[in-house]
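User: Please take me through the model below, and for each term you use, set the value against its definition before you conclude.

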Amino acid sequence: MTAAIKRPGWIRGALGALVAAAFGFGLVIALRAISDLPLYQTEQTGYPHVVVPLILAPLGFLAGFGCFDYWLRWAAGMPTIPDDHSQHGATSWKDYFRFNTDHKVIGIQYICTTFFFFFVGGLMAMLIRAELAQPGTQIVDAATYNSLFSTHAVLMIFVFVIPVFAGIANYVLPLMIGAPDMAFPRLNALSFWMLPLAGLLFIGSFLAPGGAFDAGWTGYAPLSTGAPLGQSFFNLGVQFAGASSIATALNFLVTIITMRAPGMTFWRMPLLVWANLSTSLLVVAATPFIAGAQFMVLFDRILHTNFFDFAAGGDVISYQHIFWFYSHPAVYIMMLPGFGIISEVISTHARKPIFGYRLMALALIGIVVLSYSVWAHHMFVAGMFSWLRVPMMLTTLLIAVPTGIKIFSWLGTLYFGKIHTYSTAMLFALAFIVTFTIGGISGVMLGMVPIDIHVSDTYFIVAHIHFVLFGGSVFTIFAGIYHWFPKMTGRMYDEKLGRVHFWGTLLGTWGTFIPMHWVGMDGMPRRVADYATQFGNWNLLISCFAFMLGAVQLVFLYNMIVSWRFGPRAEANPWRANSIEWQVSSPPPIFNFPEIPRVVGGPYEFGVPGAKHAIMAGEGSEVPAKEPSVVGSS
Amino acid sequence: MYGRLPIVKMLAATVALTAAICAVMVPINWDGQQASTAAPKIDDLLTVMIVLSSFVFSLVMVMLFYALWKFKAKPGDESDGEPLHGNTRLEVAWTLIPTVIVLFAGGYSWKVLDEIEEPAKNPLTVEVFSQQYAWSFGYPGKGMAWSEGELHVPLDRQVQFKMHAQDVIHSFWVPEWRIKKDNVPGITTTAIVTPDKVGTYQLICTELCGFGHASMRAKVVVEPPSKFREWVANLKQKVPQPLEESVTQDTETNPVPLGAGGA
């Protein structure tokens, strides 16, 4: 038993969480006692004896779980446990539940965890659509309804779409650039383990007195500063998700910049690598803004600061400026990695080099730069200074240009190719082009101030964000999962079930989200549990398609689980792709490469006689044998 | 190489598809009834955008489905496509043409925005007060007469709404007017509307404000000036003290709309 307590792992983690929570609780009570205050402050925004333990318990868990062991020993001058790579690789399913520093294990941990939250968030969406199937309130009351759509959005954004891309890239990116691992493997593991904690805080808020946070995922002050305790769970959860995101972005940046295989110049990087480079640039600079905004709300709530308290001189609109300065770049954080995935899938399955490769990379950088100058288009009717609207409108419209370049270049890639559509990944990639074009068009309309004034905060917005986030991001996620499933699991998935999933998802997405445009323009506001009876039939139709969309995801889940366990063994390179991750076995060996490959050409040289992307181990004696470079010590 | 493509036929197909989509979509009255001078301008802008968007969408569809039809690999064909890496002229074209289109859309929007926010010489000022979950209205020209839950405005006269929120953010939206503006605690926000159709409409709160958000509505009546004067004269109550304070104490954020020379 004492051995179990000393060893990093779940027991020590739980103990750490308990000790930290107890310490936080005791600290608050003791400080209140010596200040002659009532021991428990339970006005709705307060509860310091809950909030402080909530801050400390996750940290205690991480410490107990072993996330800081190496660093703490090193910092304290104690002998560090020699790096015997015992934390590398996975030999049984249990290894996925341990602190593991292998980027491939962490990638799968990310993907499975985020898909868990995807299904929880999806269930909430089903409840929302059940409530909205008819006017009036039938299933949940208005307050619970507000909690449901808030939690749905937060789970999908912060613990599904953003981190699942980090998971896919975690697995694939080091392999693609010919690196044995990420630059900072321990930081990588820490980034992952913060994520389920954020998700648990979001879901756990349903247990708080007053219910889960209900001010929307945007959490506008002063609704959020005066909301019940659940809002604090949101403020804190965002900190853990954000810290995870920032640490991973730093890790990607350093990995991409310093650990590319010899010969892989920037102009020889696959577009998925370019996409993650761009995304990471956004994350490191933008994410601190949402962390700051949520800390300010938390301080207003429990320390009674006055950032957003108008009665004490606070500025209500400044919350929106800070929030959207992150949250608009965040939509590109949720889209650029998907652009990378689509480029890989389309080029491979069309057997064609990417059309206009350099312009594709530059378009990504263009989006990064422009995305910092468009945030106030979320605030055209917010009452901010009116002069800011036209400049923000113009930048918003201009950002459609690099996005359009990408659409046309993917289409150009198809021409004079040999298009194979047997893979579900390719189907999702092609469907993505269509749905994302519609989402982009409604986005341009929303960028135009006069139209936005009318449709802002209506179902038109709900339709637009789901077209770009579901028809856009989630389609690219499915494409990526299907594309790299053989590489990650060493098994093939069932293409028949994949097709059922694809057609069901496509029909469900269009059926659910296209009519939402209409009811929004016609006068139905968003975030309402009840609505005018004139929208009843449309909403019933939307709900029916939504249930179908939800149900067909179970086919995906079944396909993934059963194929992972029983699917036929995958070859190293089932899609005959060029990039480096396909030149090693499926799944790849523990340190990826017996020797680091040497890159001698571009990644998409399909049909070019004699062209080669990389020379792998044993493929030519002119390659100097080299030891695998040292796994970065973080 | 790309010269081998049937460019003319593809363009013709795009135009035909655009025409077909427009034939269905343009006649539909998407935004509902029009009841202000701004409404037809905004709806015309929407129509122009529907036409432009239909063209872009049709172009993508034709390009995609032609490629899928023409370049689909035959079963068992394991060869690669032709090693084309790009085409500078095409790439310049699909960078510049969309730039021109969106700048046109931006310029047109700017013009419409200026027109719908153009202040008139003799507007009627109405103070809007919002709180969880009710609307009330004050008429400063009529000794701060106060109406709860019912907004009356005269026909064909510009109304400047001065908006004040007492607790959290609310948003003022009358879909038939196409005008929306947040009411923000601590500041006064402004919206300009010229109602041009007699009728009864609904004022809808469109900013999440708590559990009563969905039912935060008010009745809006547009009536001939004589009837409006009669209605205001019959209002018995004055705006209560705490609400009236927000009229004087709130900060003005955007007193002058953009069209009138900036902030």
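This is a predicted model: local features need pLDDT of at least 70, side-chain atom pairs count only at pLDDT 80 or more; totals for chains, interfaces and linings use all residues.

User: How many residues of domain 1 of chain A are in contact with domain 2 of chain A?
Analyst: Two residues are in contact if their C-beta atoms, placed from the backbone, lie within 7 Å, and on that basis 18 residues of domain 1 of chain A are in contact with 17 residues of domain 2 of chain A. Helix 3 (residues 48–65) of chain A gives the most to the domain 1 side, with nine residues; a helix here is a DSSP run of H or I of at least four residues, a strand is a run of E of at least two, and both are numbered from the N terminus. By class, the domain 1 side has 13 nonpolar, five polar and no charged residues, where Ala, Val, Leu, Ile, Met, Phe, Trp, Tyr, Cys and Pro count as nonpolar, Asp, Glu, Lys and Arg as charged, and the others, Gly among them, as polar.

User: How do you know that the span of helix 11 of chain A agrees with its 15 residues?
Analyst: The expected span of a helix is 1.5 Å times one less than its number of residues; for helix 11 (residues 336–350) of chain A this should be 21 Å, and the end C-alpha atoms are 21 Å apart, which agrees. Helix 11 of chain A is also mostly covered, with 15 of its 15 residues buried, where buried means that 20 or more other C-beta atoms lie within 10 Å of a residue's own, exposed means 12 or fewer, and partly exposed is in between, with C-beta atoms placed from the backbone. Just after helix 11 of chain A, A:R351 takes a positive phi of about 55°.

User: Why is B:L64 called partly exposed?
Analyst: B:L64 has 19 other C-beta atoms within 10 Å, and is therefore partly exposed. The residue sits in helix 2 of chain B and touches A:L411, A:L430, A:I433 and A:V434, not counting residues up to four places away in sequence.

User: How many residues of chain B are in contact with chain A?
Analyst: 73 residues of chain B are in contact with 75 residues of chain A. The largest share of the chain B side, 14 residues, comes from helix 3 of chain B, and by class that side has 41 nonpolar, 21 polar and eleven charged residues.

User: Why is strand 6 of chain B called largely enclosed by the rest of the structure?
Analyst: Five of the five residues of strand 6 (residues 170–174) of chain B are buried, so the strand is largely enclosed. B:H170, B:F172 and B:V174 point one way from strand 6 of chain B, B:S171 and B:W173 point the other way, and all are buried. In a regular strand the side chains alternate between the two faces of the sheet.

User: What does strand 6 of chain B pair with over five bridges?
Analyst: Two strands pair if DSSP finds at least two bridges between them. Strand 6 of chain B pairs in the antiparallel sense with strand 7 (residues 179–183) of chain B, over five bridges, and B:W173 stands opposite B:K180 there. In the hairpin of these strands, which has four residues between them, B:R178 takes a positive phi near 65°. Two bridges join strand 6 of chain B to strand 9 (residues 199–205) of chain B, again antiparallel, with B:F172 opposite B:C205 and B:W173 opposite B:I204.

Note on methods: Residues are numbered from 1 along each chain as its sequence is written. Chains are lettered from A and ligands numbered from 1 in the order in which they are written.
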